[in-house]
Structure formats: structure tokens, C-alpha cells
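Please look through the structure below before reading on.

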Amino acid sequence: MALFGKRYVLLVLLFVSLTAIILLSLGRVPFYENGPVALWSSNVNSDQNSQQFADIYTFTHLIHGLVFYFFLWFFFREKLSPGARLALAVGIECAWEIIENTDFVIQRYREATISLDYYGDSVLNFLGDILACFLGFIAARKF
């Protein structure tokens, strides 16, 4: 973490914390409430989809981290430090998670897909998605 700078790591933690609070205020549950909490759920048609720590969609967030890294590196490498780019990437991902978990988007998703039982991400799943984005960003930086 030292390579990103303490203040940017704190900013990332602030973004994640505020997003978790916002998701809870939107009515999202802290974790899967209909059974045991697990690290992984592979069944997109179950009520565990987007409720457990990681699911099939977690990989898309890994890709977000890769894309954010290369986009921010390409356009802002002279203007922003790696830590600032990391904080910006996580901030964008947090904003996406908030938008994605609004009642409007959830209802639209239900109407446009076969997943009528989808009711948004749990906060635990959000944390898994953010971690995946972060790992994608770190992987891209290593390469």
C-alpha cells in the first residue's frame, strides 16, 4: 500500500465506507439473509446471486479495475499519481455500485432479464466487487 500513499489509501477506505452506508440506506442487506454466508455463489438463478462475497459477476469488476487502470494511466499519467488514479478508479466503481443498486435500476434489470427475484447486491457482495476492481487495478499496474 505504501506505493500508493497513505492519504490515497485512506480516501479509498472512505469511498468504500460511504458507499456501504449508502447501500444500506437504499435498503440493501448487509449479507445473504436466507442461509449461510459463503465466499462464492456460482448459480446466477438462485437467490444467492449478488448476495455472497463473490459470484460470476465479480469477474466483470476485475475487468473494470484493468480498464480503469489503463484508461487513467493513458489520459492522466502525467497529472495524477498512481495513488490518485487508484482512488479515482475506486471512486468510479463505488459510484457505479450505488447507481446499480438503486430501485430504478434494479426494477429495470428485473424487467429486461429473466431474473425476477433480483433485489440488488448485498453490502458483502459490494465489498467483493470492490476488492476485485482493486485487484484488477493492481494487476494492471504490475504489468
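This is a predicted model: local features need pLDDT of at least 70, side-chain atom pairs count only at pLDDT 80 or more; totals for chains, interfaces and linings use all residues.

Residues are numbered from 1 along each chain as its sequence is written, and side-chain values use heavy atoms, with hydrogens and water left out.

Start with Arg28, in the loop that runs between helix H1 (6–25) and strand E1 (40–41). Helices (H or I, at least four residues) and strands (E, at least two) are DSSP runs, numbered from the N terminus. Arg28 has a relative accessible area of 8%, so it counts as buried; buried means under 20% relative accessible area, exposed over 50%, and partly exposed in between, with a 1.4 Å probe and protein chains only. What does its side chain reach? Another is the backbone oxygen of Tyr119, at 3.5 Å. Leaving aside neighbours within four places in sequence, Arg28 is in contact (heavy atoms within 4.5 Å) with residues including Leu23, Asn101, Asp103 and Asp121.

Ser50 is found in the loop between E1 and strand E2 (54–55). Its relative accessible area is 6%, so Ser50 is buried. Most residues other than glycine have a negative phi. Ser50 is not a glycine, yet its phi is positive, about 65 degrees.

On a 1 Å grid over the protein atoms alone, a pocket is an open set of points with protein on both sides within 12 Å along at least five of seven lines, and lining residues have an atom within 4 Å of a point. A volume is the space filled by probe spheres set on the points. Helix H2 (58–76) gives the largest share of the lining of the largest pocket, three residues.

How many residues of each class line the largest pocket? There are five nonpolar, six polar and four charged residues. Ala, Val, Leu, Ile, Met, Phe, Trp, Tyr, Cys and Pro count as nonpolar, Asp, Glu, Lys and Arg as charged, and the others, Gly among them, as polar.

The second largest pocket holds about 190 Å³ of space. Its lining has eleven nonpolar, no polar and no charged residues.

Conventions. A polar contact is a pair of N or O atoms within 3.5 Å; within protein, one must be able to donate a hydrogen and the other to accept it, and residues adjacent in sequence count only if both atoms are side-chain atoms. On a 1 Å grid over the protein atoms alone, a cavity is a set of points where a 1.4 Å probe fits but cannot get out, and a pocket is an open set with protein on both sides within 12 Å along at least five of seven lines; lining residues have an atom within 4 Å of a point.
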